Amino acid sequence: MYNGILHAHSGLRWVALGLILIAIFNAAKSQSSGKYEKKDKMINLFTMIVLHIQLLIGLYLYFQSPKVA
């Protein structure tokens, strides 16, 4: 189970990185145009959700790690 969660944590980092880049690009575009639409809020929400999941998985892995135990 530990290895499966470790692989999920490693794979989820690319999703998180992609969403962060999309959110930053989207924020810059919205800032220059002056419009902030519902899709912009949804991108930011999904980015925040993925980053929080990444954090929780990382904390779980930290406390279950053989080095910490």
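The following dialogue examines how terms are assigned in this predicted model.

Student: What are the conventions of this model?

Tutor: Residues are numbered from 1 along each chain as its sequence is written, and side-chain values use heavy atoms, with hydrogens and water left out. The model is predicted, so local features need pLDDT of at least 70 and side-chain atom pairs pLDDT 80 or more, whereas totals for chains, interfaces and linings use all residues.

Student: Why is Thr47 called buried?

Tutor: Buried means under 20% relative accessible area, exposed means over 50%, and partly exposed lies in between (1.4 Å probe, protein chains only). Thr47 has 7% relative accessibility, so Thr47 is buried. Thr47 lies in helix α2, residues 38-64.

Student: How do you know that Thr47 touches Leu19?

Tutor: Contact means heavy atoms within 4.5 Å. Leaving aside residues up to four places away in sequence, Thr47 touches Leu19, Ile20 and Ala23.

Student: What does the side chain of Thr47 reach, and at what distance?

Tutor: The side chain of Thr47 reaches the backbone oxygen of Leu19 at 3.4 Å. A polar contact is a pair of N or O atoms within 3.5 Å; within protein, one must be able to donate a hydrogen and the other to accept it, and residues adjacent in sequence count only if both atoms are side-chain atoms. The distance of 3.4 Å therefore falls within the cut-off.

Student: Which residues make up the largest nonpolar core?

Tutor: Ile5, Leu12, Ala16, Leu19, Val50, Ile57 and Leu61 make up this core, 7 residues in all. α1 and α2 are the elements that give two or more residues to the core, and α1 gives the most, with 4 residues. The term denotes buried Ala, Val, Leu, Ile, Met, Phe, Trp, Tyr and Cys residues joined through side-chain atoms within 4.5 Å. In soluble globular proteins, nonpolar side chains tend to be buried together.

Student: Which residues of α1 are buried, and what covers them?

Tutor: Ile5, Leu12, Ala16, Leu19, Ala23, Asn26 and Ser30 are buried in α1, and what covers the buried residues includes α2. Ser30 has 9% relative accessibility and so counts as buried. Beyond four places in sequence, Ser30 touches Lys35, Tyr36 and Asp40.

Student: What makes Asp40 and Lys39 a salt bridge?

Tutor: A salt bridge requires a side-chain nitrogen of Lys or Arg within 4 Å of a carboxyl oxygen of Asp or Glu. The closest N and O atoms of Asp40 and Lys39 are 3.4 Å apart, so the pair qualifies. The structure holds 1 salt bridge. Asp40 is buried at 3%, whereas Lys39 is partly exposed at 40%.

Student: Why is the pair of Tyr62 and Phe63 called edge-to-face?

Tutor: A search of the whole structure finds 1 aromatic pair. The ring centres of Tyr62 and Phe63 are 5.1 Å apart and the planes are at 80°, so the pair is edge-to-face. Rings of Phe, Tyr and Trp (its six-membered ring) pair if their centres lie within 6.5 Å; planes under 30 degrees apart are stacked, over 60 edge-to-face and the rest tilted. Tyr62 is partly exposed at 48%, and Phe63 is exposed at 55%.
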